[in-house]
Structure formats: structure tokens, C-alpha cells
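Hi there,

Here is the structure we talked about handing over.

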Amino acid sequence: MGMMERVAVTSDQPLLRVEGLTKRYGSRIGCADVGFDLYPGEVLGIVGESGSGKSTLLSCLAGHLRPDEGAITYDRRDVLAMAETERRRLSRTEWAYVHQNPRDGLRMGVSAGGNVGERLMAVGARHYGGIREQAQDWLGRVEIAADRIDDRPAQFSGGMQQRLQIARNLVTGPRLVFMDEPTGGLDVSVQARLLDLLRGLVRDLGLSVIIVTHDLAVVRLLAHRLMVMKGGRVVEQGLTDQVLDDPQHAYTQILVSSVLQV
Amino acid sequence: MILIEDLSKSFTLHNQGAAVIPVMEGASLSVAPGECVGLTGQSGAGKSTLMRMVWGNYLAAGGRIMVGGIDVATASPREIIALRRDRLGYVSQFLRVVPRVPTLEVVAEPLLALGTPPETAKARAAELLRQLNIPERLWGLSPTTFSGGEQQRVNIARGFAHPYPALLLDEPTASLDATNREVVLRLIEEAKARGAAILGIFHDEAARARVCDRLVDVTGFTPKVAA
């Protein structure tokens with residue numbers, strides 16, 4: 001970890017600015033009038049029950065869905081006005097997306113090293129030795145033993161697959177990472193290991209992260225700020241421990257009081 | 001360094017008929033650099049509520065909380081995150097950490113977050129853990145498996161790793177033996193000597209008498225019941 005670059009976590013410019021974002025499915029609301037700023041080095045948690053619009057919102061932000069209204073500004077660039085090629089280049093280089101199910105974010109027929117190396121090649125790396133070395137370095141960072149580099153992800157446990165997906169996503173040095181329930185479906189002990197890994201990476205690389213989850217314990221430990229969604233709308237947002245310890249909205253009060261020991 | 005003026009707080013319980021419960025009004029106090037102020041009052045009088053408002057995890061209904069150049073009562077989450085990183089420390093009664101993270105790293109974390117080189121941060125963490133008599137063989141283990149007293153000492157080590165100019169201490173000596181209690185009291189005295197402004201809750205009366213320069217009874221901040 002010593003070679004990682006430490007990034008100043010404070011900056012006056014938001015990396016991502018979202019304003020009035022709305023997505024409808026016919027007459028039904030996916031998400032409505034969502035707005036927030038995300039600064040470099042900040043982790044924003046989005047919580048809410050299924051159907052609250054959190055996944056729709058994440059998809060709109062990551063460019064998988066086109067919102068009907070609103071604006072997304074990334075590093076002073078208007079994301080919705082971008083040409084498709086430019087947006088794709090962004091999602092390959094400066095953005096990353098960690099899926100809930102690692103199978104959606106990995107190529108299951110390709111070796112672990114190949115999964116990581118492939119991303120480097122997609123951004124122009126050509127030197128085989130260098131690619132393999134970097135892949136190896138990243139597998140080490142996510143605690144996958146060097147002798148597993150030629151194994152396929154299908155031979156890995158769920159927790160290892162998720163760590164591999166993270167390595168594949170972070171190897172190109174993204175600045176903004178979208179995560180959809182990254183610890184969902186994992187054993188509690190594996191979850192803890194992953195949380196520790198994510199926290200270290202956020203801190204050491206100065207990553208900005210938007211993490212969607214229904215797990216309040218996960219956001220308590222990982223997110224600086226929290227947004228609570230219900231029925232497609234943001235009902236409350238603020239400092240994570242403030243929202244959890246002193247919830248203001250009726251829905252957040254129910255959400256927090258329904259959980260065993262957050 | 002910590003200045004509280006006319007602070008008020010109420011809870012709205014939406015799921016109990018939107019009952020509004022005023023719990024504090026007209027709270028005012030100040031803590032100068034190098035001073036330790038102890039909050040007193042019966043259990044439920046609002047000592048912890050006041051501490052949480054200064055930390056920023058309870059919202060204020062009105063008033064001001066000036067710490068480290070910002071008003072926590074009106075500051076943005078981002079300003080409070082920055083405040084907690086370098087100007088305001090908090091030793092709570094509960095250790096809340098990611099399971100599995102080794103104790104040494106838990107203690108070093110506030111320094112790592114400030115960009116301190118890992119070796120320096122870990123050396124400082126080791127020094128504090130040694131002072132607080134946490135055996136070295138435990139440093140590589142997660143504190144989640146430790147006894148209450150050990151967890152509390154880990155929490156204290158973490159809270160004192162960085163020399164915050166303002167500190168909140170919630171019962172820092174509660175479950176400690178005489179030796180470790182003495183270590184903690186000395187850490188508090190050292191923090192005062194370097195100019196830290198400390199606001200604390202101490203049920204341990206002898207500890208309170210030794211480190212506190214003044215006491216503030218929060219009972220005076222309880223809202224008057226309307227006749």
C-alpha cells in the first residue's frame with residue numbers, strides 16, 4: 001500500500017453535481033427531482049427499500065439509463081450532453097461500476113489476471129509484462145493470492161469474486177465508483193473484509209463513491225453522507241450518523257427503528 | 001474553542017402522532033483552550049444530547065455551536081466531516097469499527113485519514129496502546145473481540161492519536177482499573193497542557209475533580225414545562 005498516491009481529500013469543486021434528476025417508466029416514477037453534490041474523497045450512501053428508486057437513480061448516474069429530466073455535471077462536463085463515445089470512454093477510465101452480483105461485472109470465462117488486465121488493455125495498455133505485473137499487484141491489494149492469477153472466477157468463492165470485480169474496476173485508477181449492494185449476498189465475515197478493503201481504497205486513493213444498499217450497518221461504517229429514498233424521492237439527506245441517530249423524516253424514523261442494532 | 005449559545009433541541013416522533021418533545025433550551029457554555037469543562041446532571045438530563053449536538057449527529061433546533069471556526073448547528077455535512085478530521089475528536093462509550101480490522105490500524109486510522117505516513121501513524125498508535133497497557137499480542141486482532149475495558153482503551157487511544165484542538169469525552173474512565181484510569185487522566189492533562197478545549201461527561205467524581213476546571217449542570221438547560 002505504501003506506493004499508493006495519497007490524495008488531498010478536500011477540494012472546493014464537486015466532482016459530481018446532480019440536479020433535478022427524474023426518470024419515469026410510463027406514468028410511474030422511477031426517481032424524481034434528485035439533487036446532490038459529491039466531492040472528491042466522499043462516500044455517499046443511498047438507502048431505501050426495494051422499489052424506492054435507488055437502483056434507478058444509480059443507473060441514471062452511471063449512464064445505463066437516460067433520465068427524462070435534470071442535469072448531471074461530472075468534473076464540469078455536462079454528462080447528458082456528451083456524445084455516447086465520450087461517455088463510454090469516461091465509464092472505462094474515470095468511472096467504475098461494481099455490480100451486486102460479481103458475475104455481472106466479471107468475464108467468467110477469462111482468468112482472474114485476464115479480467116484485470118483486460119481493463120488495462122481497453123484503455124490502451126499494450127505491454128504484456130507490464131499488464132500482468134499490474135494485474136498481480138491489484139490481485140494482491142484485494143487479497144487474492146498470486147498463485148490464483150490464472151484461475152477462472154468460476155473457481156472462486158463469492159467473496160473472492162467480489163474482490164476480483166473490485167480489482168478489475170479499480171485497476172484503471174477511476175475517480176468515481178458506483179456500487180450497487182456490493183456486500184449483498186456475502187457472509188458477514190466476508191462482508192467485513194470487503195468493507196475494510198473498500199475503506200482503505202477510498203482513503204488511500206481519494207475515491208469518490210456512490211453506494212446503494214439496504215444495509216444501514218454498511219453505510220454507517222462506509223458512507224460519509226447518506227440519502228434516504230422512498231417512492232422515487234429523496235426524503236432525507238445529511239451526515240450519515242446524523243441521519244441514523246437523529247432521523248427527521250417519518251420514513252427514516254421507521255427505517256432506523258426497524259433495524260436490529262445499527 | 002468551543003462556544004455554545006442559546007442552543008435548543010426537540011425531537012419529533014412522527015410515528016407517535018408527531019409528538020414534539022422539547023429536550024433542551026437556552027443552553028450556553030464555553031470551553032477555552034487548555035480548559036476541561038465537565039457536564040453534570042442526572043441521567044436523562046441531556047448531557048449526552050448536548051455532546052452529540054456538538055459532534056453533529058444530533059441536529060439543533062436553534063442556537064449556535066462554534067467549534068474549530070464553524071457553526072456545527074448550521075454547517076453542511078461536508079464542513080462537519082472536515083471538522084471531525086482535524087479539529088474535533090470524540091471518545092464515545094462505544095467502539096464502532098469494521099470487524100476484522102486490527103487494533104493497531106483502528107487506532108492509527110484518524111492519522112491515516114489526515115494523510116500521515118502509515119509508519120508514523122502506526123508508531124503513534126503503538127505508543128498509545130503501550131501506554132494504555134493493551135498487550136502487544138492483541139494489536140493484530142480486531143478489538144470487536146475484546147473485553148469492555150479493553151475496547152474502551154482502544155477507543156481512547158484512537159481519540160488521542162491526533163492532537164485535536166477540541167475534544168469530547170464521554171465517560172473516558174468508566175470501566176477502567178486504577179492503573180489505566182491514571183493513564184487516561186494523564187492523557188487528558190497532557191491534552192489540556194497543549195491547549196486542547198475539552199468537554200466531558202465524568203461519572204467518576206474523583207476524576208472529574210482532578211481534570212475539570214469547571215462544571216456545568218445541564219439541568220439548567222431543561223425546557224420549562226408550560227403551566
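This is a predicted model: local features need pLDDT of at least 70, side-chain atom pairs count only at pLDDT 80 or more; totals for chains, interfaces and linings use all residues.

Chain A is built from 10 helices and 10 strands. Its radius of gyration comes out at 18 Å, close to the 18 Å that the globule rule gives for 262 residues, so chain A is as compact as a globular protein of that length. Along the principal axes, its C-alpha atoms fill a box of roughly 55 × 45 × 40 Å. Of the 262 residues in chain A, 48% are buried. Looking at contacts in chain A with a separation of 6 or more, 66% are between residues 24 or more positions apart.

One part to look at is an open sheet of 4 strands in chain A, with the order S2-S1-S4-S5 and antiparallel pairing. The edges are taken by strand S2 (28-38) and strand S5 (77-78) of chain A; each has a single partner strand, so one side of each is left without a neighbour in the sheet. S5(A) is joined to strand S4 (residues 69-74) of chain A by 2 bridges. If you want to find this spot, Thr73(A) has Asp78(A) in S5(A) as its bridge partner.

Now for the interface: 24 residues of chain A are in contact with 20 residues of chain B. On the chain A side, two or more residues each come from helix H7 (188-205), strand S10 (233-239), helix H9 (240-245) and helix H10 (250-257). H7(A) gives the largest share, 6 residues. By class, this side of chain A has 9 charged, 8 nonpolar and 7 polar residues.

Best wishes

Technical notes
Residues are numbered from 1 along each chain as its sequence is written. Chains are lettered from A and ligands numbered from 1 in the order in which they are written. Two residues are in contact if their C-beta atoms, placed from the backbone, lie within 7 Å. Ala, Val, Leu, Ile, Met, Phe, Trp, Tyr, Cys and Pro count as nonpolar, Asp, Glu, Lys and Arg as charged, and the others, Gly among them, as polar. Two strands pair if DSSP finds at least two bridges between them. The radius of gyration is taken over C-alpha atoms; the globule rule is 2.2 Å times the number of residues to the power 0.38. A residue is buried if 20 or more other C-beta atoms lie within 10 Å of its own, exposed if 12 or fewer, and partly exposed in between; C-beta atoms are placed from the backbone.
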